[in-house]
Amino acid sequence: TSVRVSPDKAWSSTVAGRILQQRVDPTGIALVEERAWDAEAGSVVRDFRNNGLLTTSGSKATVWSLVSTTPAQATNVTFAAAISNAVMNDARLVALLADGTIWTAPSGQTTPTKVTLPPITLLARAGSAIALAEVQEAERKTVLRYYPTGDLTATSQQFTVDGAAAG
């Protein structure tokens with residue numbers, strides 16, 4: 001199962017592929033179920049942005065439109081390998097595959113493109129920004145690549161830190 005939270009909502013998935021949307025009750029520590037729908041078995045909730053919820057199952061990513069009463073699949077993208085993590089930025093879906101490659105698909109499009117980068121271990125998003133971590137085990141270093149606008153074709157800001165990231 002997996003969980004993603006916004007200030008007033010929480011989404012979770014079950015092993016069977018059921019997605020639950022719950023309202024965060026501000027008067028106490030409580031979640032109130034608002035709606036639920038079926039996705040693929042093993043779906044993982046990855047990201048929420050602009051009334052879209054991103055789930056993945058194996059090599060398939062699905063963006064759900066949350067505008068209507070019953071969420072609908074807005075986009076389905078199939079990648080070259082299993083997805084380890086994925087996020088949505090302003091203009092595209094970004095996926096880290098199990099083989100360490102990064103792929104993108106422009107919003108609303110279903111054909112992904114591989115990004116030329118060394119093998120990546122971790123992927124994160126905050127607002128529009130994307131951060132990638134490249135673990136260099138032999139050198140015992142981790143290179144963090146930061147893209148403030150989320151444009152992976154732009155030159156990243158790079159920071160090298162001692163140690164290897166785990167996670």
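Student: Which residue has its backbone oxygen 3.1 Å from a polar atom of the side chain of S57?

Tutor: That residue is A41. In general, a polar contact is a pair of N or O atoms within 3.5 Å; within protein, one must be able to donate a hydrogen and the other to accept it, and residues adjacent in sequence count only if both atoms are side-chain atoms. Before going on, note that this is a predicted model, in which local features need pLDDT of at least 70 and side-chain atom pairs count only at pLDDT 80 or more, while totals for chains, interfaces and linings use all residues. Residues are numbered from 1 along each chain as its sequence is written, and side-chain values use heavy atoms, with hydrogens and water left out.

Student: Where does S57 lie, and what is S57 in contact with?

Tutor: A strand is a DSSP run of E with at least two residues, a helix is a run of H or I with at least four, and both are numbered from the N terminus. S57 lies in strand β6, residues 52-57. Contact means heavy atoms within 4.5 Å. With neighbours within four places in sequence left aside, S57 is in contact with E40, A41, G42 and S43.

Student: Why is S57 called buried?

Tutor: Buried means under 20% relative accessible area, exposed over 50%, and partly exposed in between, with a 1.4 Å probe and protein chains only. S57 is called buried because its relative accessible area is 15%. S12, in strand β2 (residues 9-13), is also buried, at 17%. Leaving aside neighbours within four places in sequence, S12 is in contact with S2, V3, R18, I19, L20 and V45.

Student: T160 is in a strand too. Is T160 buried or exposed?

Tutor: T160, in strand β16 (residues 157-162), counts as exposed because its relative accessibility is 54%. Its contacts, neighbours within four places in sequence aside, are K141, T142 and V143. T160 and L144 are 16 residues apart along the chain, and their C-alpha atoms are separated by 6.2 Å.

Student: What about residues outside the strands?

Tutor: Take D99, in the loop between β10 and β11. D99 counts as partly exposed because its relative accessibility is 49%. A polar contact of 2.6 Å joins the side chains of D99 and T101. A164, in the segment after β16, is also partly exposed, at 48%. Leaving aside neighbours within four places in sequence, A164 is in contact with V135 and T142.

Student: How should I read a nonpolar core, and how many residues has the largest one?

Tutor: The general idea is that in soluble globular proteins, nonpolar side chains tend to be buried together. A nonpolar core is a set of buried Ala, Val, Leu, Ile, Met, Phe, Trp, Tyr and Cys residues joined through side-chain atoms within 4.5 Å. Here the largest has 13 residues, and those with the most contacts inside it are L54, A61, F79, I83, L93, A95 and L97. The elements giving two or more residues to this core are β7, β9 (83-88), β10 and β11. A second, separate core of 11 residues includes V94, L96, I120 and L132.

Student: What does L97 touch?

Tutor: Residues up to four places away in sequence are not counted; L97 then touches F79, A80, A81, A82, I83, S84 and W103.

Student: How is a pocket found, and how much space lies in the largest pocket?

Tutor: On a 1 Å grid over the protein atoms alone, a cavity is a set of points where a 1.4 Å probe fits but cannot get out; a pocket is an open set with protein on both sides within 12 Å along at least five of seven lines, and lining residues have an atom within 4 Å of a point. Grid points are joined across faces, edges and corners, and a volume is the space filled by probe spheres set on the points. About 260 Å³ of space lies in the largest pocket. It is lined by 20 residues, of which R49, V63, M88, S107 and G108 are the closest to its centre. At least two lining residues come from each of β7 (60-65), β8 (72-78), β10 (92-97) and β11 (102-106).
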